[in-house]
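This report looks at a metal site, a nonpolar core and a few salt bridges. Please keep the model open while reading.

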Amino acid sequence: MTGQFLKKMGALSAAAMALSPALVAAQESAGHPVPGQFHLQPSVPPIMDSIVAFHDGILMWSISFIVVLVLALLIWIIIRYNAKRNPVPAAFTHNTLVEVVWTVLPIVVLIVIAIPSFGVLSDQLTTPDGERKYLGANIFSFGEVEVPAPALTVKATGQQWYWDYEYVDQGLALNSIMLNEEDRLATKPNQPRLLAVDNELVVPVDTTVRMQITADPIGVIHAFAVPSFGIKIDAVPGRLNETWFNSRETGMFYGQCSELCGKDHAFMPIAVRVVTKEEFATYMAAFEGDGHAAANATLAAVQ
Ligand SMILES: [Cu+2]
């Protein structure tokens, strides 16, 4: 009930904020940031639904309320208690009621923020087993979204400075390197600059993908982040981190390394291409039989 209410209020605030046509257009799912974009990137899995609800439903309201309250108090003090209007200031130094209120109120606000926050965090870090229910957009529930157990495991390894992907169960790997401007314009002109890569990570739609994240053992720390999926997790040498996503839309979804990792930190984008289950089966069969180039050739060319 509360969740539904907050969700509605959040949607209302998002609608109110999206005042200009350019901002409204930016709400369509592009899988990457677009010029004039406002708000978070559109969500495609349950985790991002939670994050959007958390942002719109709690954080924006708490922040706005606090800003307005503090601003109102400041204005009141400036006007009512300036030296001219209040030449003889009061001499007391304590007010028990006020002190209790300004201690208890922030604690209550923090608890209200913390409860769903921990829920979403544990959703992000708990790989589905097919039985556990996830919060989805209703972050004040006990979980109502069913998510199937992972059908695919992908290991992403942060290299200096690109990503390696491995389909762990199939023992197949590819590396994914950003296209320079010349190559992008020549081969994938409709893909975004600094995000387009030579080889995208291909995964099936409506399928839970277990992501294992690590970094080159003699390398540095990176972070694997895809905003549309609500994923962000460190890629640490010698450590295997795990998260998951389940995209309900096909398309291309971009992210970037999100841990300052060295000179080409800004140039190691993450590109995930979500295809239909049939396309993925064909892709995988070709990958296993004839290698990565043949597998890519089974998919529609990325423009
Ligand atoms: Cu990096």
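Tyr167 is in contact (heavy atoms within 4.5 Å) with Leu152, Thr153, Val154, Leu172, Leu174, Leu201, Val202, Phe280, Tyr283, Met284 and Phe287, leaving aside residues up to four places away in sequence. The model is predicted, so local features need pLDDT of at least 70 and side-chain atom pairs pLDDT 80 or more, while totals for chains, interfaces and linings use all residues. Residues are numbered from 1 along each chain as its sequence is written, and side-chain values use heavy atoms, without hydrogens and water.

**Core**

A nonpolar core is a set of buried Ala, Val, Leu, Ile, Met, Phe, Trp, Tyr and Cys residues joined through side-chain atoms within 4.5 Å. Buried means under 20% relative accessible area, exposed over 50%, and partly exposed in between (1.4 Å probe, protein chains only). The largest core has 39 residues, of which Tyr167 and Phe224 touch the most other members. Helix α6 (residues 277–290) gives the most to this core, with 5 residues. Helices (H or I, at least four residues) and strands (E, at least two) are DSSP runs, numbered from the N terminus.

**Copper site**

Which residues coordinate the copper ion? They are His222 (ND1), Cys257 (SG), Cys261 (SG) and Met268 (SD), at 2.0 to 2.7 Å. Donors are N, O and S atoms within 2.8 Å of the metal (3.2 Å for Na, K and Ca); water is not among the atoms, so sites may look incomplete. The site is tetrahedral, with angles of 90 to 128 degrees among its 4 donor atoms; for four donors this label requires all angles to lie between 85 and 135 degrees. Cys261 is buried at 7% relative accessible area, and Met268 is buried at 1%.

**Strands and salt bridges**

Strand β7 (residues 209–215) pairs with β10 in the antiparallel sense over 5 bridges; pairing requires at least two bridges found by DSSP. In β10, 4 of the 5 residues (241–245) are buried, so the strand is largely enclosed by the rest of the structure. Arg210 has Trp244 of β10 as its bridge partner.

The structure holds 7 salt bridges (a side-chain nitrogen of Lys or Arg within 4 Å of a carboxyl oxygen of Asp or Glu). The table lists some of them.

| Pair | N to O distance |
|---|---|
| Asp49 and Arg248 | 2.7 Å |
| Glu242 and Arg210 | 3.4 Å |
| Glu146 and Lys133 | 4.0 Å |

Asp49 is buried, with a relative accessible area of 18%, whereas Arg248 is partly exposed at 41%.

How values were computed. Four donors count as tetrahedral if all angles lie between 85 and 135 degrees; four count as square planar and six as octahedral if opposite donors are over 155 degrees apart and all others between 65 and 115; anything else is irregular.
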